[in-house]
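Subject: Structure handover

Hello,

Here is the structure we discussed. Please open it and keep it beside the notes below.

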Amino acid sequence: WSRWGHDWRGDATADSITAETTRDLAAGDVVLLHDADHYSDTGCWRATAAALPRIIEAIRDAGVQPVAVD
């Protein structure tokens with residue numbers, strides 16, 4: 001990955017995750033996000049879920065097409 005929102009931390013917010021993952025976006029960047037409590041602070045996935053629409057919007061605003069990577 002080339003973008004990491006540090007969303008697994010208990011102090012992460014939707015704003016902090018969005019800011020870290022979308023600063024200076026470029027085609028080919030890979031954004032790493034976490035979606036479960038078993039490897040992160042309890043409940044922090046909620047901030048990730050709240051940040052995701054903002055991140056996708058920023059990617060599109062940068063003229064890049066977001067895609068999922070398996």
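Leaving aside neighbours within four places in sequence, which residues is His6 in contact with? They are Ala12 and Glu20, where contact means heavy atoms within 4.5 Å.

This is a predicted model: local features need pLDDT of at least 70, side-chain atom pairs count only at pLDDT 80 or more, and totals for chains, interfaces and linings use all residues. Residues are numbered from 1 along each chain as its sequence is written, and side-chain values use heavy atoms, with hydrogens and water left out.

More on His6. The loop between S1 and helix H1 (14–22) holds His6. (Helices are DSSP runs of H or I, at least four residues; strands are E runs of at least two; both are numbered from the N terminus.) His6 is partly exposed, at 21% relative accessibility. (Buried is under 20% relative accessible area, exposed over 50%, partly exposed in between, with a 1.4 Å probe and protein chains only.) Glu20 is 14 residues from His6 along the chain, and their C-alpha atoms are separated by 7.9 Å.

Now strand S1, residues 3–4. Arg3 is part of strand S1 and is buried, at 15% relative accessible area. Beyond its neighbours within four places in sequence, Arg3 has contacts that include Glu20, Asp24, Leu25 and Val31. Asp29 is also in contact with Arg3.

Trp4 is in strand S1 too. Trp4 is partly exposed, with 31% relative accessibility.

Best wishes
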